[in-house]
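Visitor: I would like to go through the charged side chains in this model. Could we begin as soon as it is on screen?
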Amino acid sequence: MDKKITVIGAGLAGCEAAWAAANRGAKVRLVEMKPEKYSPAHKYKGFAELVCSNSLKASRINSAAGLLKEEMRRLGSLTVPCAEENAVAAGGALAVDREKFSDSVTEKILSHPNITLVSGEQEDIPEGYCVIASGPLTAGRLAENIGSLCGKRLSFFDAAAPIVTFESIDMDKAFFAARYGRGGDDYINCPFTKEEYLAFHHELINAESAPVHDFDRPENSRDEFTVYEGCMPIEVLAKRGEDAARYGAMKPVGLTDSRTGIKPYAVVQLRRENAEGTLFNLVGFQTNLRFPEQKRVFSMIPGLRNAEFVRYGVMHRNSFIDSPRLLNGDFSMRSRPEVFFAGQITGVEGYMESAASGIMAGINIVRRMEEKEPLILPRETMIGALSHYISDESVENFQPMGANMGILPDIGRRIKDKQERYQAVADRALEAFEGYFKEMT
């Protein structure tokens, strides 16, 4: 079989997809628009450019980021060893010299005998087998064609609320209930007294917002991103008046504290983020506050004083597809199985998460061509959990997700010490990883 594949985009995901496919004998045509054209966020000529932070997060295995990188290493990752070769001092994190890291990845891609670089902008979805890894700033005709393919508009301003782990919520100060008793115990409610609400409101309206980057503004505009009523930042709503949030996201109507019989002055509701109930999002709390400010202010919410935030709220320009309705667990399209997606456009969030999805897409597109069973890692692994998340049809309000311990299945036993618990979770993940490959071979 003549295994020819097109990969669109030479970011982390595209490079990993091309590398994985080429190492399995495929002839890869890698299309990259740089240096002929740059997105508003990209400046460097090389591949796998790190746009924001130069940190790839924690290295230790008993962390979500460290576990993810270890799984990637075992799958033959390109970017993990390149990062380690170009690391800079960053305590327990893996941080890199951006340009040296990019140069290293670029050199390895260009020297691979099975990879051919095509410089220029890809506007159409190519015929045959392809991996679309065009990134969260996909624009122009390619965005339009992806939107037509997926039945969804792509470029928009992503408004996402913070997510916390269930085990970190103090249920002595919160209660399960739905408004007017509809839906049983679907929500966790964090009730405020008037004094608590006024203190929270004061800190919320005076908290520091994150800067708006050029690539987060509407195209061809110097204005701030448009604030839609349906996804207004909670701090913007609060600034409309002392009671504005109490008539919006924090309205207490239809709720009575089951522990005290008292109706709250205001309330923050938390809604399940996954079927297992290990993650909950703060309903209506889309925000553009800086991450440290979110931690400081939202920890004032009753029950969230010691909350573990696995994702902070964001409002920025982002392009991603409705993956749970569109993709299989191997990152292929359900309607077009020869078309695969990888990177942030699938709804995985983060440098290494994007790279990991590229590995999976690259491996699986070759397996699809060879009519082999897809490689879908167990949910106990970090990559398997992310693959499940982006393809889980039960996820209704789909938002991007990075690696975190909360998306992994419960370990089934109580371990009080957090580091010991995470070590046990990591040990289980790597055992499941190795066991899966033994069964596959």
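Visitor: Is Arg296 buried, partly exposed or exposed?
Guide: Arg296 is partly exposed, with a relative accessible area of 36%. Buried means under 20% relative accessible area, exposed over 50%, and partly exposed in between, using a 1.4 Å probe and protein chains only. This is a predicted model, in which local features need pLDDT of at least 70 and side-chain atom pairs count only at pLDDT 80 or more, while totals for chains, interfaces and linings use all residues. Residues are numbered from 1 along each chain as its sequence is written, and side-chain values use heavy atoms, leaving out hydrogens and water.

Visitor: Which side chain does Arg296 meet in a salt bridge?
Guide: Arg296 pairs with Glu293 at 2.9 Å, N to O. A salt bridge here is a side-chain nitrogen of Lys or Arg within 4 Å of a carboxyl oxygen of Asp or Glu. Glu293 counts as buried at 15% relative accessibility.

Visitor: How many salt bridges are there?
Guide: The structure holds 22.

Visitor: Next topic: which residue forms a salt bridge with Glu70?
Guide: Arg73 does, with the closest N and O atoms 2.4 Å apart. Glu70 is buried at 14% relative accessibility, whereas Arg73 is partly exposed at 35%.

Visitor: Which residues are linked with them in a network?
Guide: Glu70, Arg73, Arg74, Glu84 and Glu434 are linked in a network of salt bridges.

Visitor: And what about Lys34, buried or exposed?
Guide: Lys34 is buried, with a relative accessible area of 7%. The side chain of Lys34 meets that of Glu49 in a salt bridge of 2.8 Å, N to O.
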